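Here is a quick tour for anyone opening this structure for the first time. Have a look at the model, then read on.

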Amino acid sequence: MRELTGATKRVAGGELGVQVAVRTQDELGDLANAFNQMSADLARSNQARLQMTADVAHDLRTPLSVIDLIAETLQLDLHSDTARGERLARLQRAANSLANE
């Protein structure tokens, strides 16, 4: 029971995937098995969340880079139109800011 209590505290502290030894086939063994399954599921869910966050960040960076390139190209072609150039410069700064966060 102490091992299960300690493992529970470790999971509560963020150490996901902690496993305990199953030494009996009674209710305590069932509890240990259920704990091990829960802990493994939490670790897998957390890994999937981290991967999804990385994928979303990458997916956002690509179109923002395209926007930045288009704005830079248009800005170079529009030296005579100051107002449009300033708007494009703001667009470029915003795209850069989003891409680098």
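Met-1 sits in the segment before α1 (2-12); helices here are DSSP runs of H or I with at least four residues, numbered from the N terminus. Met-1 is exposed, at 62% relative accessible area. On that scale, buried means under 20%, exposed over 50%, and partly exposed in between, using a 1.4 Å probe and protein chains only. Together with Leu-28 and Leu-31, Met-1 makes a nonpolar surface patch of about 290 Å² accessible area. Patch members have over 30% relative accessible area and no salt bridge, with nonpolar side chains (Val, Leu, Ile, Met, Phe, Trp, Tyr) joined within 5 Å and like charges within 9 Å. The areas come from the Shrake-Rupley method with a 1.4 Å probe, and for residues only the protein chains shown count as cover.

Keep in mind that this is a predicted model: local features need pLDDT of at least 70, side-chain atom pairs count only at pLDDT 80 or more, and totals for chains, interfaces and linings use all residues. Residues are numbered from 1 along each chain as its sequence is written, and side-chain values use heavy atoms, leaving out hydrogens and water.

Now for α1 itself. Its buried residues are Leu-4, Ala-7 and Val-11. They span an arc of only 65 degrees around the axis, so they sit on the same side of α1; the arc is taken from the directions from the helix axis to the C-beta atoms. Arg-2, Lys-9 and Ala-12 are exposed on the other side.

The largest nonpolar core has seven residues: Leu-4, Ala-7, Val-11, Val-18, Val-20, Ala-32 and Phe-35. Such a core is a set of buried Ala, Val, Leu, Ile, Met, Phe, Trp, Tyr and Cys residues joined through side-chain atoms within 4.5 Å. The biggest share of this core, three residues, comes from α1.

There are also three salt bridges, each a side-chain nitrogen of Lys or Arg within 4 Å of a carboxyl oxygen of Asp or Glu.

| Pair | N to O distance |
|---|---|
| Arg-23 and Glu-3 | 2.6 Å |
| Glu-15 and Arg-10 | 2.5 Å |
| Arg-44 and Asp-41 | 2.3 Å |

Why does the pair of Arg-23 and Glu-3 tie together parts 20 residues apart in sequence? Because Arg-23 lies in the loop between α1 and α2, while Glu-3 is in helix α1. Arg-44 and Asp-41 are three residues apart in helix α2, so about one helical turn separates them.

Notes
Helix = DSSP H or I, 4+ residues; strand = E, 2+ residues; numbered from the N terminus.
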